[in-house]
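Me: I'm new to this one. Can you walk me through the salt bridges?
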Amino acid sequence: MPLIAAPINYDEALTKIEALQHSDLPAAITKLNTIEPEFDRMSRLQQGRFLVFKGAASIYTGEYQAAVDILNQSEALLKDSDMLFSAYSYEATAYIALRYFNDAFNVMGKSLGLIERIEDVNLKRASYLRLASLYTAMGITEEVATYAAKALALASPNDVKDVCVSKLYLSVHQLEVKSYAKAFDEFKFTRNFCESNGYPLIAYIALKGMGESKLRLDEPLPAVSYLLDSLKGYESFNFQLEINSTHGLLSEAYLMLQDFAKAELHAQHVMKLSDDSSNTELKHTASRVLAKISAQNKQFEQAYEYSRKEQNYNQLIFDQSKMKTLAYQAAKFNADEQAREINLLNKERELYIAQQMVKEREYTNMLMFITILVGGLFFLGILLIVGSLQKRKFMRMARIDALTGVLNRGAGQELGENLFVQVAARGGGFLRDLVRLRSL
């Protein structure tokens with residue numbers, strides 16, 4: 001009887017892949033490939049998560065355009081999901097690597113818009129870290145420190161991974177502002193902390209930071225040691241972007257040590273990379289190193305050729321830096337304009353609400369005045385009617401004898417006098433009229 005394979009728990013498998021991406025990237029890619037045939041059986045949210053992790057893996061292996069295409073597909077599947085922030089963040093990372101800075105800032109703008117809707121502290125902290133990562137890639141150091149500090153403030157001692165990443169970005173910030181001694185100390189703390197808590201990839205990144213800090217402090221010997229160890233670690237993860245960057249730093253370190261053979265070896269590794277924009281800065285460094293080595297070896301024609309390449313890459317870096325600055329300023333201007341528009345709309349809304357409140361108050365006051373006026377008139381009318389009835393009642397009581405029910409003496413005398421006056425005025429007989437009155 002053939003064995004029936006147990007059904008795959010897709011959520012559990014995807015959570016495992018997410019964890020492996022930070023500790024064992026090759027294993028994560030293997031697991032992605034294993035469950036990819038099951039893609040059509042997954043729910044929309046599970047498909048979205050799968051594509052996010054696949055896009056992230058493509059970034060780690062340097063396939064940036066493929067990552068953009070994959071992550072674009074994930075957006076529709078992750079609508080109204082917290083994972084959408086991850087998709088935007090990885091997509092922005094890929095755009096930065098491709099030097100599509102306007103696209104990167106557009107996606108980052110979407111990410112910032114999502115943060116306000118995130119109530120879960122863990123997700124908000126992860127969101128801040130992603131933004132710190134993006135600003136690191138853009139070279140906007142003040143924003144790196146801002147978001148890394150925000151993430152660290154939301155982390156508890158149990159949030160080891162996020163503490164690792166926050167400290168890493170704060171270390172990078174010190175390196176970018178050229179505080180190299182402080183950067184080395186922070187990288188060292190980060191490396192020891194992350195390594196002891198089971199996050200080797202972050203530890204290797206911190207180790208590379210230690211090497212670069214020593215290199216900038218003109219201490220090439222310890223720099224080489226740290227960089228070689230980090231290179232081995234990156235190779236175990238197949239983290240191609242960082243592998244290439246480390247080769248570039250090693251070429252500089254060996255040049256300072258005047259070990260020209262090794263410097264050339266690492267520089268040539270970089271020069272063999274494709275001419276896409278993600279490798280421009282690395283090739284600028286490598287061509288400068290090779291130009292100096294060629295000059296040292298009196299190969300002046302070759303030195304000139306490498307110098308010409310260095311100038312060409314330098315111009316590309318300048319253009320990219322200008323593009324970054326313009327894209328950042330445009331994004332910031334748009335954000336400021338949106339903030340002004342929102343502020344203006346809020347003020348208009350407040351004015352409208354105030355006007356409505358005044359109108360409502362005036363309407364209420366008018367209703368109250370009308371109510372009081374109508375009530376007063378009604379009450380006055382009742383008083384007049386009651387007064388009239390009471391007057392008639394008292395007049396009747398004054399004219400009618402209570403015992404006999406006939407006119408009393410005063411009323412009779414008054415009536416007689418009135419009749420007499422009337423008869424006299426007409427010239428008639430009083431007795432005849434009196435008899436006629438009684439007959440009536």
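**Salt bridges, pair by pair**

Reply: Lysine 283 is buried, at a relative accessible area of 4%. Keep in mind that this is a predicted model.

Me: What does lysine 283 form a salt bridge with?

Reply: With aspartate 275; their closest N and O atoms are 2.7 Å apart.

Me: And aspartate 275, buried or exposed?

Reply: Aspartate 275 is exposed, with a relative accessible area of 63%. The cut-off for exposed is over 50%.

Me: Which residues are joined into one network?

Reply: Glu212, Arg216, Glu252 and Arg288, through salt bridges that share partners.

Me: How many salt bridges are there?

Reply: The count is 14.

Me: OK, next pair. What about arginine 125?

Reply: Arginine 125 has a salt bridge to aspartate 162, with 2.6 Å between the closest N and O atoms. The pair links distant parts of the chain, 37 residues apart. Arginine 125 sits in helix α7 (residues 121-138) and aspartate 162 in helix α9 (residues 160-176).

Me: Is that arginine buried or exposed?

Reply: Arginine 125 is buried, at 2% relative accessible area. Aspartate 162 also counts as buried, at 11%, because the cut-off is under 20%.

Me: Switching to helix α10: where do arginine 191 and glutamate 195 lie in it?

Reply: They are four residues apart in that helix (residues 180-196), so about one helical turn separates them.

Me: What is the relative accessibility of glutamate 195?

Reply: It is 45%, which counts as partly exposed. Arginine 191 is partly exposed as well, with a relative accessible area of 22%.

Methods: Residues are numbered from 1 along each chain as its sequence is written. This is a predicted model: local features need pLDDT of at least 70, side-chain atom pairs count only at pLDDT 80 or more; totals for chains, interfaces and linings use all residues. Side-chain values use heavy atoms; hydrogens and water are left out. A salt bridge is a side-chain nitrogen of Lys or Arg within 4 Å of a carboxyl oxygen of Asp or Glu. Helices (H or I, at least four residues) and strands (E, at least two) are DSSP runs, numbered from the N terminus. Buried means under 20% relative accessible area, exposed over 50%, partly exposed in between (1.4 Å probe, protein chains only).
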